[in-house]
Amino acid sequence: MRYRSTSGKAPLTSLRGAVLRGLAPDGGLYMPVEIARHTPEELEEFRRLPFTEVCFRVVRPFATPDVPEEMLWQIVAEAINFPVKLVSLSPALHVLELFHGPTLAFKDFGARFLARLMGYFVRGESRPLTVLVATSGDTGSAVAHGFLRVPGIRVVILYPSKRISEAQEKQFTTLGENITALEVSGTFDDCQRLVKQAFADEALSQRAFLTSANSINIGRLL
């Protein structure tokens, strides 16, 4: 699968290129050149499969051949290793609960998958990948726990001072190791502006081997 920029001015790239860069060089977002389709028979089969197996089958067309199927299965299985409960409210109404991950946020799904995908892509790199992220709370927690102890990756989280809950702040400021949290005197928009400025600085981005784990990254969406 190849990926193109929504701005249409950057060359096509692989999943690895899209995930490790985050934003395209023309400022656009990377999206797959085509969306994989499933037949009605496949969708019916999904009903009988474990949740992790469904995740694997849905993401497979977007990840191969960049990621071998055996490795992709390992990435998905490690990422979605917590309960995903389907609660029936009535015979025709069901709710999928997305808050049973390590930080109790739905973003655990995207962050944990992205962390393991990036970890696979940076194997063999001589320098660490720096993941720069702005947060208003739940993104920072999910990214911090998702990337904790992933080899070859360090995470820098910018968060607005006194504008997130105490529980969320403790979730990502107390981990240490490869996770660094920076308290910013300002709002979330100020944090996001700093992140965008860093990515706009081509020399800095290259020198720091910089990427993002915010939802601008196609890995989060997958």
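Guide: A residue counts as buried under 20% relative accessible area, exposed over 50% and partly exposed in between (1.4 Å probe, protein chains only). This is a predicted model, where local features need pLDDT of at least 70 and side-chain atom pairs 80 or more, while totals for chains, interfaces and linings use all residues. Residues are numbered from 1 along each chain as its sequence is written, and side-chain values use heavy atoms, without hydrogens and water.

Visitor: Okay. Is glutamate 125 buried, exposed or partly exposed?

Guide: Glutamate 125 is partly exposed, because its relative accessible area is 34%.

Visitor: What does glutamate 125 form a salt bridge with?

Guide: Its partner is arginine 16, and the closest N and O atoms of the two are 2.8 Å apart. A salt bridge here is a side-chain nitrogen of Lys or Arg within 4 Å of a carboxyl oxygen of Asp or Glu. Glutamate 125 sits in the loop between H5 and E5 and arginine 16 in helix H1, so the bridge ties together parts that are 109 residues apart in sequence. Helices (H or I, at least four residues) and strands (E, at least two) are DSSP runs, numbered from the N terminus.

Visitor: And how open is arginine 16?

Guide: Arginine 16 is partly exposed, at 30% relative accessibility.

Visitor: How many salt bridges are there?

Guide: The count is 9. One of them joins arginine 57 to glutamate 53, with closest N and O atoms 2.9 Å apart.

Visitor: How far apart are arginine 57 and glutamate 53 in helix H3?

Guide: They are 4 residues apart in that helix, so about one helical turn separates arginine 57 from glutamate 53. Arginine 57 is partly exposed at 21% relative accessibility, whereas glutamate 53 is buried at 19%.

Visitor: Which residues do salt bridges that share partners join into one network?

Guide: Glu45, Glu53 and Arg57.

Visitor: New topic. How many aromatic pairs?

Guide: There are 5. Rings of Phe, Tyr and Trp (its six-membered ring) pair if their centres lie within 6.5 Å; planes under 30 degrees apart are stacked, over 60 edge-to-face, the rest tilted. Among the pairs, phenylalanine 51 and phenylalanine 109 are edge-to-face, at 6.3 Å centre to centre with 70° between the planes. That pair links distant parts of the chain, since phenylalanine 51 is in helix H3 and phenylalanine 109 in helix H5, 58 residues apart.

Visitor: Is phenylalanine 109 buried or exposed?

Guide: Phenylalanine 109 is buried, with a relative accessible area of 16%, while phenylalanine 51 is partly exposed at 32%.

Visitor: Which residues do ring pairs link into a cluster?

Guide: Phe51, Phe82 and Phe109.

Visitor: Last one: what's in the largest nonpolar core?

Guide: That core has 50 residues, and those with the most contacts inside it are Met118, Phe147, Ile153 and Val155. H5 supplies the largest share of this core, 9 residues. A nonpolar core is a set of buried Ala, Val, Leu, Ile, Met, Phe, Trp, Tyr and Cys residues joined through side-chain atoms within 4.5 Å.
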